[in-house]
Amino acid sequence: MTAAPGEHRYEVKSQTERYDGRVFSVVTDEVVMPGGRVAPRDYVRHVGAVGVVALDDDGRVVLIRQYRHPIGRMLWELPAGLIDVVGEALPAAALRELAEEADLTAGQVDLLVDLHTSPGASTELIRVFLARQLAEVPVAQRHERRDEEAELQVVRVDLDQAVAMVLAGEITNAACVGGVLAAARARDMGWAPLRPADAPLPG
């Protein structure tokens, strides 16, 4: 008897790790499909990430422009980074990235949106926070940026202009697209949709 839509259990019969790296691994699962056929599914198992929509008192969002080697060009992005510090809470990780990449601290942090960036090929989940009540990190305490981060450009753009950049195809980074659009919608609703910064992860 065939299970009703949504009721099939996609049992993993076996798993083979093809590559194991610091940020991600690549695996192949043999998965039982509806009807009983077993099919291989290759995907990237990712450590996850956090991002920050930092909004100042003038309604401007902090954007960074950073080189991304896989696509070979600079992208407009949010301050963001990997969940790679053992035991670090996700809001704290977001604030760390905000300080390291934009030289900013925040007095208020809320949860904005969760994004599976490429669920057909990766487990990566990025949790995007909204940071407000911004202040500058003292010069003597600023993070030394290296490699690609050494050329980071940090700008502040009116949130509505950032939305226009998304719709014009000027912002294509998934976390930045989702974060900017979610922030604009939440602002227009008086911030009512915001969740606590420590809300449980989806799933």
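Predicted model: local features only at pLDDT ≥ 70, side-chain atom pairs only at ≥ 80, totals over all residues.
Start with strand S1, residues 12-20, and strand S2, residues 24-32. They pair in the antiparallel sense over 7 bridges. The hairpin that joins S1 to S2 runs through 3 residues. Show Glu17 as well: opposite it, in S2, stands Val27.

Next, select S6, S5 and S10. In that order, these 3 strands form an open sheet with antiparallel pairing. Strand S6 (73-77) and strand S10 (153-158) are the edge strands, and each pairs on one side only. From one strand to the next, the twist averages 30 degrees.

Stay with strand S5, residues 60-68. S5 runs antiparallel to S10 and is joined to it by 6 bridges. Val62 can be picked out here, with Arg156 of S10 opposite.

Move on to helix H3, residues 174-188. Its 15 residues should span 21 Å at 1.5 Å a residue, and the end C-alpha atoms are 21 Å apart, so the two values agree. At the start of H3, select Asn173: one of its side-chain oxygens reaches to within 3.1 Å of the backbone nitrogen of Ala175.

Which residues of H3 are buried? Among them are Ala175, Cys176, Gly178, Gly179 and Val180. The cover over the buried residues of H3 includes strand S4 (49-54), strand S8 (104-116) and strand S9 (125-136), along with S5, S6 and H2.

End at Gly190, which follows H3 and has a positive phi, near 65 degrees.

Key: Residues numbered from 1 in each chain as written. Heavy atoms only, no water. Pairing = 2+ DSSP bridges. Helix = DSSP H or I, 4+ residues; strand = E, 2+ residues; numbered from the N terminus. Axes fitted to C-alpha atoms, helices over the stretch in contact; angles between N-to-C directions. Expected span 1.5 Å × (residues − 1). Buried < 20%, exposed > 50% of the residue type's maximum accessible area, 1.4 Å probe, protein only. Contact = heavy atoms within 4.5 Å. Polar contact = N/O pair within 3.5 Å; in protein donor to acceptor, adjacent residues only side chain to side chain.
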